[in-house]
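Please view the sequence and the model below before reading on.

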Amino acid sequence: MDNRTLLDDVRFGFVDRHTPAEKILNPRLISNEKPDTMHRAIRDELRRAESFTFSVAFISASALALLKEDLLEFVARGGRGEIITSNYLDFNEPTMFRELLGLEGITAYVHDDEHGGFHPKGYVFHDPGEVTAIVGSANLTPHALIHNREWNLKFSTSYDGDIALQLEDAVRLQRTRGTLLTEEWIARYEQTRRNRVLIVPDAAPNAGHIVANAMQREALDGIGKLRQAGEKKALIISATGTGKTILAALAVKEMDPRRVLFIAHRGEILSKSRSEFQRVLGGADNDYGLLVGGHNDADARYVFASVQSLNSRDAYRQFAPDAFDVIVVDEVHRGAAASYRTLIDYFRPGFLLGLTATPERTDGGNIFELFDYNVPYEIRLQAALDNDMLAPFHYYGVTDYETDDGELIENTTQLSRLVSHERLAHILRTLETYGHAENVRGLIFCSRIEEAVELSNGLNQSKINGRPLTTVALSGNDSPEVRDAALRRLNAGELDYILTVDIFNEGVDIPSVNQVVMMRNTQSSIIFTQQLGRGLRKAAGKDHLRVIDFIGNYTNNYLIPVALFGDNSRNKDSIRKKIIDAAEDNTISGVSSVNFTKVARQRIFASLAVARIDVVAEFKKDIASLHSRLGRVPRLIDFARFDTADPYVLATRRTDHYWDLLVKAKLADAPSPRASEFLKFLSRELLHGKAPQELLLLQRLLAHGPCSVAEFTHILEAHHAAHSPADLSVVERVLSLEFFTEGAYKLEGVVALADGIYRLEPTFAETYRGNLEFRTHVDDVIETGLFLSRERGFTGGELKVGNKYSRKDVSRLLRLESNQEGTLNGYKVDKYSATIPIFVNYHKAEDVDASIAYEDKFLDTGTMKWFTRSNRTLRSGEVRDILADELPIHLFVRRDDTEGRDFYYLGLVHPSQPEQTTMPQTGQPVVTMHLTLEQPLTEEFLGYLQSKS
């Protein structure tokens, strides 16, 4: 930056806030109020800096994992960094020091705690023109960077400034007083480190004295209300690792039953569950019995039985159907299997409680129906992480092995290439870069058993961080004893990794796992989440999980963000935006993070572009799934509230409206042509909620009859929606269909305005009153559209920077006279609305005509070099209108035409530096100019636009 920018920004921040300034280098207080977190600030500075110095007393390995990809990219650009820390209070773990030592390109120094406490928290970044520092209260730990209430002052100074010299002197002094970090220093520290009491996240209280936490109390209250209402069944949906068994035991304790049966499918689950029940309920050991393998403690008060043992020779018949007051069924999504159904149909308990993390895996049956659709408590993965019920994770999406000729690992890759020396070397480098520096307890999920076996052999002959690896491969052919022995060795630290395909997807409790490696195509988001969940359980000495995902040339790569972000919308724009946002702020769900290398990110974008996720066959699955959940045909509002498929995508992507989709799913009879045409209009033009004014007017008219313009204006004011005469004019023209081209809809309109009074058109009103099913669908569209408008921030009914809009949307939201989507190409100086919309297709198709092959491009995050139409000069009327900058100029950009019809709205721009030139290939006259954005792009979003699909 030049000195003028720095001086203006410093004056703005320290002297006079009314000073005109670019507000790039102005001082700011960072207190972790999102989105202005320390994490965000450090990442932003790392992208601009040439070098940095962190002087921080306390550092955690989890914080290094959080910033790992940023530090790697910084070094890859040629940046130089140093980190100065200490052994103050023995807080810093040896494993953190080893990870710090392994960061290539970054030098580390340590202050031995001999002459008083080392307690600074300072982050200094050196840019070409200035020094930026962040000094305050934040150590280098995830909570300090993201969630804790911190005070950190960020400020900039020129290199000639006195504070820059003070910072330089302070760093020099710390460096000279510190010791260069080496393996020898770490080894000595490990030996002399004072023993500290470790806080065990799941430490067991005295038996019988476990108290429900807030989330468990919510679940228990829900179960209690069901029982008070006379219900006898309930289904608990709780993410893996969130304490379902303890919750079940607490629920049983409140019911105070005479006898209890607990059913699961594996012996180790039963043994663990028996122990946890005893912790909660207390009582003598002989009150708790097993019915599995060689055990047959059928007379115990609390019986823990495997489904296999109960079904063997009809062993369940030794119990009367009403023998148990409470029956708990673990992993109940298996309940559709015949073996489970036999037991559920036979027993008649006072209360049946089901536990599952994934109810959608019904194996052909309806689990919700089994429990009378009673779900008193549900917490999925993202919510569990937000509530600190699970260990946070740091996910790294990295590129799989690629040959010198550019060939990638894909679904059909031969085994010989999957286990080649070159791929093994690539795997080892990646594990060393992103994995834990020591004490690894890892699971590696492979694409096939043969690959797992051969890779295990190769890893056993290799080293990571100078240590020989010890691994085993397991498959479904291995006996339970072999598997259990391997898990014991992993927990004891005798194994680094267990390699498998899918035998550990569920039903296995391995709390010590701190690294999950995925080396296979993601077949479903559910399986991805199950495999991720193997490492999310909290354990002593484990503060986070690392997930390393090798992303090859797989058609299903788009399922990775679907699983990580919990986005089941089938809306490609929504998924794409989450990937872009993750590059800008990679934290999700508490202090977890998602990191993709640039190449891996592009592979996901490419997969998403061609994925068939928004087709009728997939929509039918979504309808069937929610039908199972609700016990009835779902409405659009149900999809919105349960945050599943995007209602607008569902209703309009492949059909004219939702009723039409239900007909295709054989869940409804076809509507009349008139009803269908009305629903087509309402669904396509109003359901997305981008302009809620029309929805609010329809809602008012359908509920209470005719409405005056004045009354409608008050309604819009109350909803904080735009209500100028121009806004009302658009509402009137849209609902009367005057806004659309003739023949767009075979209707006469929905609403008419006469003498200052809005009324429903007679044909629409008659159809609404005379057809109950039509009325239900119309009400559903209005309710859902208003819901989406609120949830997505469209309540004002105006353009919102960062969102996507079609040319039709722009015509409407800029108050053009009519829908001009067919003619609104490039740009238009629109005198009717007094606006200038500009549309840019950033990457032109290869076969585009030379006369329109404009080379529009961003010069930086805040400036685009833009071309007018060809055959224009500086004297052309429209060019003069643009350069006058008297009408608001709105910029809309799309990466390329493979991403649909919608454009990102980038906000208002201002023209400058006009130049008369010619088109390169045709020689036609054209004018170029710079368009300066009022709201600059993020580096991540600019990178997305500049990359090609």
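The model is predicted, with local features requiring pLDDT of at least 70 and side-chain atom pairs counted only at pLDDT 80 or more, whereas totals for chains, interfaces and linings use all residues. Residues are numbered from 1 along each chain as its sequence is written, and side-chain values use heavy atoms, with hydrogens and water left out.

Helices (H or I, at least four residues) and strands (E, at least two) are DSSP runs numbered from the N terminus. The 16 residues of H3 (residues 61–76) should span 22 Å at 1.5 Å a residue, and the end C-alpha atoms are 21 Å apart, which agrees; the expected span is 1.5 Å times one less than the number of residues. H3 is mostly covered, since 12 of its 16 residues are buried. Buried means under 20% relative accessible area, exposed over 50%, and partly exposed in between (1.4 Å probe, protein chains only). Among the buried residues of H3 are Leu64, Leu67, Lys68 and Phe74. Just after H3, Gly78 takes a positive phi of about 95°.

Glu99 is placed in helix H4 (residues 94–101) and counts as buried because its relative accessibility is 5%. Contact means heavy atoms within 4.5 Å. Leaving aside neighbours within four places in sequence, Glu99 is in contact with Ala61, Leu64, Lys68, Gly435, Ala437 and Arg546.

Helix H16 (residues 421–434) contains Arg423, which is buried with a relative accessible area of 0%. Leaving aside neighbours within four places in sequence, the contacts of Arg423 include Tyr401, Glu451 and Met519. Leu431 also lies in H16 and is buried, with a relative accessible area of 2%. The C-alpha atoms of Leu431 and Ile548 are separated by 7.7 Å, although these residues are 117 residues apart along the chain.

Two polar contacts between side chains are tabulated here. A polar contact is a pair of N or O atoms within 3.5 Å; within protein, one must be able to donate a hydrogen and the other to accept it, and residues adjacent in sequence count only if both atoms are side-chain atoms.

| Side chains | Polar contact |
|---|---|
| Glu99 and Arg546 | 2.6 Å |
| Arg423 and Asp400 | 2.9 Å |

## Aromatic rings

Rings of Phe, Tyr and Trp (its six-membered ring) pair if their centres lie within 6.5 Å; planes under 30 degrees apart count as stacked, over 60 as edge-to-face and the rest as tilted. The count by this rule is 42 aromatic pairs. Phe262 and Phe277 form an edge-to-face pair, because their ring centres are 5.5 Å apart and their planes stand at 75°. Phe262 lies in strand E10 (residues 260–264) and Phe277 in helix H10 (residues 267–281), so the pair ties together parts that are 15 residues apart in sequence. Both Phe262 and Phe277 are buried. One aromatic cluster is formed by Phe52, Phe54, Phe74, Tyr123 and Phe125.
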